[in-house]
Amino acid sequence: MKVWNSAVTTQPAQVVRCGNEAEVSAAVGRAREEGLPLSVLGGGHDWAGRALCENGLVIDVGGLKKITVEDDVATVGGGVTSLEAMDAAGATGQAVVAGTVGSVGLTGLTIGGGYGPQLGSRGLAADNLLGARVVLADGTAVEADEDLLWALKGGGGNFGVVTEMRVRLSPFETATAGVVLFPGEQASEVFAALGDLLAQAPDELAVLSGAMDLPDGTPAVYTNPTWVGHPPLGAEWVRRIERLGTPMVSQVGPVSSSATLRAADEMFAADGRGWTLRTLNVPELSSEVVKAIVTAVQSKPSANDVINMHHFHGAATRMAPDSAAFGQRREHVMVEIISGWRDDGPELHEKWADETLNALKEYALPGGYPNLLGPDAHAQIVQAYGNNAARLRSVKEKYDPQGVFTAIPLP
Ligand SMILES: Cc1cc2nc3c(=O)[nH]c(=O)nc-3n(C[C@H](O)[C@H](O)[C@H](O)COP(=O)(O)OP(=O)(O)OC[C@H]3O[C@@H](n4cnc5c(N)ncnc54)[C@H](O)[C@@H]3O)c2cc1C
């Protein structure tokens, strides 16, 4: 059984592909009767492979593909990908609040949080979750009540199988988006100037940024600006981004909503590579953080090792801290240390990822992004939910007291 990360070797005993809610209920019942561990497979993009369980029963929701749009609300099946939902919303001149890659499951992304180009204007994907149907641990299908819906906004797949979500859409004509690449040797100056720019970024502007090697091996710093707003103002911000250094490439222009999901497609294609990931949040790109990142980039073992950064700001920071289980509402930069390998095996890459994490730790906020924190990052997960941890525990106790769903080890 293959998922996005080829290093995941978990072997389930059974995979049940479900096409409707009744089949999901039956599959949950079967796992319980047979005493099998249970997991839920959506888009298969969790790097830690939590969609699969060893010798257990995997409920594959990939057949739940319903998508309807009514006014500014989309109803999407639990197996719909981000791109499928975006295409449907785009046909009505709107956008789904999603991430940066189309093949990621919209449900997996949303219930774990969902950082993306609309963070500043619309918040997290989870902030736009209006309702859900869920098959609970006892096999019953329910409409999520206030508590369960709250927990699904960041608490991950710990409460049941989400067969359907209702999500709020945002008006969308065209965005101004693309890529501005700088030579790797400009990393220090570009990241330092980017820190100043992010501090002034309006809600309409998202800048995904990081460091990677180009296909020909040239080290590069990348910025992926997305501006959703009045185009001439967006063009001015793109010019400011181009002035962060001396760009090698600048390809930014009007794009459709679906094109906003292509920012990282090629870099992170599911092409047989093994992956590991570490993450933490820093309050800003301070000079110490920039120095640690540049040092890490200079020592990365291969072209498959990447630093990726999402800017959490604007609308996402203005949500009440207790409005969703997601626990960090302070402005920050979410740093992803992504390390990939082919035949050379994981050792060097895992070492680099750990060293980079350790170098950044002293500048980090407590916690991190639970959707990307691996099973070994328990201390960070405990802190990630902050003051919301107690309510999250009580919702877990109410809906899944026997711990049938084990997606994220909750505090
Ligand atoms: C290439 C790539 C790009 C990414 N980009 C972003 C990004 O821009 N922003 C961001 O925030 N995150 C991003 N992520 C992280 C991603 O959002 C999470 O890994 C997410 O959990 C993946 O969901 P999935 O359904 O594709 O994966 P899966 O591995 O199938 O599922 C992930 C988790 O969600 C649970 N789950 C999935 N569907 C359901 C369901 N219907 N009901 C109950 N539980 C369910 C699974 O059991 C599992 O625990 C990215 C990951 C990758 C690999």
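1. Helix H8 passes helix H10 in a right-handed crossing. A crossing is called right-handed if the near helix is turned clockwise from the far one by less than a right angle, and left-handed if anticlockwise. Helices (H or I, at least four residues) and strands (E, at least two) are DSSP runs, numbered from the N terminus.

2. This is a predicted model, in which local features need pLDDT of at least 70 and side-chain atom pairs count only at pLDDT 80 or more, while totals for chains, interfaces and linings use all residues. Residues are numbered from 1 along each chain as its sequence is written.

3. Two packed helices are described by the angle between their axes and the distance between the axes. H8 (residues 287–298) and H10 (residues 347–361) pack at an angle of about 165 degrees, and their axes are 9 Å apart. H8 is therefore roughly antiparallel to H10. Axes are lines fitted to C-alpha atoms, for helices over the stretch in contact, and angles run from 0 to 180 degrees between N-to-C directions. Angles under 35 degrees count as roughly parallel, over 145 as roughly antiparallel, 65 to 115 as roughly perpendicular and the rest as oblique.

4. On the H8 side, Val289, Ala292, Thr295 and Ala296 meet Thr356, Ala359 and Leu360 of H10. Two residues are in contact if their C-beta atoms, placed from the backbone, lie within 7 Å. The contact of H8 with H10 has 5 nonpolar, 2 polar and no charged residues. Here Ala, Val, Leu, Ile, Met, Phe, Trp, Tyr, Cys and Pro count as nonpolar, Asp, Glu, Lys and Arg as charged, and the others, Gly among them, as polar.

5. H8 also packs with helix H6 (residues 187–200): their axes come within 10 Å and cross at roughly 145 degrees. This contact joins Ala187, Ser188, Phe191, Ala192 and Gly195 of H6 to Ser287, Val290, Ile293, Val294 and Val297 of H8. By class, the contact of H6 with H8 has 7 nonpolar, 3 polar and no charged residues.

6. Which residues come nearest to the ligand? Of the 37 residues around the ligand, they are Gly42, Gly43, Gly99, Gly105 and Gly108. Strand S2 (38–41), helix H3 (106–112) and strand S9 (161–171) each give two or more residues to the shell. H3 supplies the largest share, 4 residues. A residue belongs to this shell if its C-beta atom, placed from the backbone, lies within 6 Å of the molecule. The shell divides into 17 nonpolar, 18 polar and 2 charged residues.
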